[in-house]
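Me: I'm new to this, and I'd like to know where the labels come from. Can we go through a structure together and check each one?

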Amino acid sequence: MKILEQTFDDFKSLIKEYYKKDRFLAASAYREIFKNGNLNFRSVKDMNRNPDFMKSLTADLRLNIGDIEQKNSEDVLKFVTKLSDGLKIESVIIPMFTHNTLCISSQVGCRMGCKFCETGKDGLKRNLSVEEITAQIYNARITLGYDIRNIVYMGMGEPLDNFKNVIKSLEIISDPRGFDIPLTKVTLSTSGRVDGINKLSEQKWAEKINLAVSLNASNDSIRSKLMPVNDKYSMGKLIEELNKFPLRTKGSIFVEYVLIKDVNDSIDDARRLVEYLKPIKNQINLIPYNPGKDSLYRTPDERTVEQFRKVLIDSEVFVRRRATRGRMAMAACGQLS
Ligand code: SF4
């Protein structure tokens, strides 16, 4: 049984079907695996009372977590996992004041082709399976020992392009008997797949999750040059869909805006951005572009970034300037490859 791809409901049914054990025992086992990373259950009282079940379950469980190959540490910790077919993905642990946020990948490569992104350069190799997504959390928490309380789907890949597996991973991540990370602490970032946002909004828990959109432009002509997804889903269609997305009380859509020198960083861009976002409750994250190897684009100077930010603040838009954490590790947004 591949344990990291089991929701509690799946697990409970398998335990009932194969071992004829009840949901309480299933919950004890599930908790021990996901919270403590322990597959032998020796420290779990209920399980000790059922030694035959304990032994067979341990023998039947498969924990596929890949091999952690490389760790880069500066102000963030980026780890590379080698998957069973030899392909590699990256995840980033970002320290916050009291805990850590984990940025995870959902695909190997990406087919969205955003021009400023390292991951998109080589196209899509494949989707990650459910267990390859959840194993990143297992590795950060159990293998590397970090207290992870927030998850952002902002690593390699477009999460809504791997919809089914990402949705199942969200169910596993948020189960209180499992990793126990509530969806209110999870942010899913999309390049603007309007079809995927629509399907996400139909999930019964949609209003709990935080939705982030990587916008990066103030009009269609700039956006289409940077992000081919805009040819199919224009900014007009995007804002219409975002406006329908269910939000919690006081919730808002996070808008990611990578500021690129002489491309999208003018005062006019800032003003158009404010107008464009008026229909939705939003918070903007401004991210000065983080050049990779052979980048086509440049980072705006400090004055330009601050001027842009001032236009937003003067228009009473909630704006945060994302710290350039991971700049040296090449691990900031859109820089995983
Ligand atoms: S920015 Fe995101 S959606 Fe765009 S190519 Fe990179 S990984 Fe894909």
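This is a predicted model: local features need pLDDT of at least 70, side-chain atom pairs count only at pLDDT 80 or more; totals for chains, interfaces and linings use all residues.

Me: What makes Lys 250 exposed or buried?

Reply: Exposed means over 50% relative accessible area. Lys 250 has 78%, so Lys 250 counts as exposed. You'll find Lys 250 in the loop between helix H10 and strand E10, and its phi is positive, near 70 degrees, though Lys 250 isn't a glycine.

Me: And why does Glu 316 get the label it has?

Reply: Use the cut-off of over 50% again. Glu 316 comes out at 76%, so Glu 316 is exposed. Glu 316 sits in the loop between helix H12 and strand E12, with a positive phi of about 65 degrees.

Me: Why are Lys 244 and Glu 241 called a salt bridge?

Reply: The rule asks for a side-chain nitrogen of Lys or Arg within 4 Å of a carboxyl oxygen of Asp or Glu. Here the N to O distance is 3.6 Å, so the pair passes. Both residues are in helix H10, 3 residues apart, which is about one turn of the helix. Glu 241 is buried because its relative accessibility is 7%, and buried means under 20%. Lys 244, at 54%, is exposed because that is over 50%.

Me: What puts the buried residues of H4 on the same side?

Reply: The buried residues of H4 are Phe 53, Met 54 and Leu 57. They span an arc of only 100 degrees around the axis, so they lie on the same side of H4. These buried residues pack against helices H1, H2 and H3. On the face turned away from them are the exposed residues Asp 52 and Lys 55.

Me: How many charged residues are in the shell around the ligand?

Reply: The shell has no charged residues, with 4 nonpolar and 5 polar ones. Among the residues there are Cys 110, Met 112 and Ser 191.

Me: What is the average pLDDT of the chain?

Reply: The average is 92, and 95% of the residues score at least 70. Over residues 326-333, though, the pLDDT is below 50.

Key. Residues are numbered from 1 along each chain as its sequence is written. Side-chain values use heavy atoms; hydrogens and water are left out. A residue is near a molecule or strand if one of its heavy atoms lies within 4 Å of it. Ala, Val, Leu, Ile, Met, Phe, Trp, Tyr, Cys and Pro count as nonpolar, Asp, Glu, Lys and Arg as charged, and the others, Gly among them, as polar. Helices (H or I, at least four residues) and strands (E, at least two) are DSSP runs, numbered from the N terminus. Buried means under 20% relative accessible area, exposed over 50%, partly exposed in between (1.4 Å probe, protein chains only). pLDDT is the predictor's confidence in each residue, from 0 to 100. Contact means heavy atoms within 4.5 Å. The arc is that of the directions from the helix axis to the C-beta atoms.
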